[in-house]
Amino acid sequence: MQAGVSEVQPRHVLVAAFDVHGRGHGRKTASGVRRVLAEWCRHPPRRVTLTVAAGPDLHHKLSLPAPEALRHLPAFPGDRLEARRSGGDLLVQLCADDPLVCRRAATRLTAQARDVLGLRWRQSGFLPPHAPHETPRNLFGFKDGTENPPQRELERWVWDDNGGTYLVFRRIHMDVDRFTALSTDRQEKVIGRHRASGAPLGSRTEHDAVDLYAKTPRGRYVIPADAHVRLAHSRLDGGARMLRRGYSYDDGRDDKGLLFLAYMRDPQLFVRVQQRLAGEDAMSAFTEHRASAVGYVLPAPGPGQHLGDLLA
């Protein structure tokens, strides 16, 4: 299992995508990509976790069979995806407690790959200040990641039998000014949680179970029908869960939001959840998906192996 998935999140992330130069099909291209991955493996960046995922088109370009579940995500209502910030043959996640370390590592990896791979896009993100072991908050001021599965359940919901997993990336613009102008009560109804504690509406502590059936004396759901928490709940997917490692981004006054990074056994879980959210989620009035990518996180190499050996 590669690093950068199940560990505690460092404070900063840099996500980058690379494309194979030209059309580059066949054995020669495959050999070049394997060589790059071997170089990245032999001399990993210091003080940073490196996580590498293969995009949906890479295996085709290398004339190799692709993992069964690895395919492009469908379009969702409300998407405004920018091609220059989306997709990629190889996705790389770099995490560290110093943003400069992430940037230097990305520059080094890009230089090492320059004969084979070209940089398609890169995006930096950060975690707002929070206490150790406390769930980080997003730019709306709400805790983000409360419903993540515990470590003991990751082999069930995240890792496949080979030690790989799937990464879904979404760059989600957030209208922070308009959302935070709402009353606290209205914000909480949009999300389905109390802002201060992170507890589900009607509960007292953050990790209390979400009661989707609780009603007020007037017969209304305590957690509104269009609340984000309700529509994203694992109960609607047979209990299947994903591991979210979100980071905030701030690229200027009019461009800030969430870098949604989620790991799961099958990207179809994300597809089902996002189809519900895109159609009914009250929070979608304040968010816009502007970039997207998906990839298969290769299993960690064994003794005497490197990541490229897993491209087979």
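Residues are numbered from 1 along each chain as its sequence is written, and side-chain values rest on heavy atoms, with hydrogens and water left out. As the model is predicted, local features need pLDDT of at least 70 and side-chain atom pairs count only at pLDDT 80 or more, whereas totals for chains, interfaces and linings use all residues.

The protein has eight helices and nine strands, taken as DSSP runs numbered from the N terminus (helices H or I, at least four residues; strands E, at least two). Its radius of gyration is 20 Å, close to the 20 Å that the globule rule gives for 312 residues, so the protein is as compact as a globular protein of that length. The radius is taken over C-alpha atoms, and the rule is 2.2 Å times the number of residues to the power 0.38. Along the principal axes, the C-alpha atoms fill a box of roughly 70 × 40 × 35 Å. Of the 312 residues, 54% count as buried; the classes are buried under 20% relative accessible area, exposed over 50% and partly exposed in between, with a 1.4 Å probe and protein chains only. Among contacts (heavy atoms within 4.5 Å) between residues at least 6 apart in sequence, 78% join residues at least 24 apart.

A nonpolar core is defined as a set of buried Ala, Val, Leu, Ile, Met, Phe, Trp, Tyr and Cys residues joined through side-chain atoms within 4.5 Å. The largest such core holds 58 residues, of which Phe140, Val158, Phe169, Met242, Phe260 and Phe270 touch the most other members. Strand β8 (residues 256-264) gives the most to this core, contributing seven residues. With neighbours within four places in sequence set aside, the contacts of Phe260 are Val168, Phe169, Arg170, Ile172, Met242, Arg244 and Phe270. A second, separate core comprises 35 residues, including Leu14, Leu37, Leu58 and Leu117.

Aromatic pairs were assigned to rings of Phe, Tyr and Trp (its six-membered ring) with centres within 6.5 Å; planes under 30 degrees apart count as stacked, over 60 as edge-to-face and the rest as tilted. This rule gives eight aromatic pairs. The ring centres of Phe140 and Phe179 lie 4.1 Å apart with planes at 20°, so this pair is stacked. Phe140 is in the loop between β4 (117-126) and α4 (154-157) and Phe179 is in helix α5 (residues 176-180), so the pair ties together parts 39 residues apart in sequence. Both partners are buried, with relative accessible areas of 1% for Phe140 and 0% for Phe179. The rings of Tyr166 and Tyr296 have centres 4.9 Å apart and planes at 55°, so this pair is tilted. Tyr166 belongs to strand β5 (residues 165-174) and Tyr296 to strand β9 (residues 287-297), and the pair links these parts of the chain across 130 residues. Tyr166 is buried at 5% relative accessibility, and Tyr296 is buried at 7%. Ring pairs also link Phe140, Phe142, Phe179 and Phe286 into a cluster.

A charge is taken to sit over a ring if NZ of Lys or CZ of Arg is within 6 Å of the ring centre and within 35 degrees of the ring normal. Two residues lie over the face of Tyr221: Lys215 at 5.1 Å from the ring centre and Arg230 at 4.2 Å.

Val297, also in strand β9, is buried at 1% relative accessibility. Not counting residues up to four places away in sequence, Val297 touches Gln2, Thr51, Val52, Ala53, Gly164, Thr165, Leu167 and Tyr263. The C-alpha atoms of Val297 and Asp208, 89 residues apart along the chain, are separated by 32 Å. In the segment after β9 lies His306, whose contacts beyond four places in sequence are Arg34, Leu37, Ala38, Cys41 and Pro301.

Most residues other than glycine have a negative phi. Arg47 has a positive phi near 60°; this residue lies in the loop between α1 (27-42) and β2 (49-54) and is exposed, with a relative accessible area of 64%. His133, likewise not a glycine, has a positive phi of about 65°. His133 is in the loop between β4 and α4 and counts as exposed at 84% relative accessibility.
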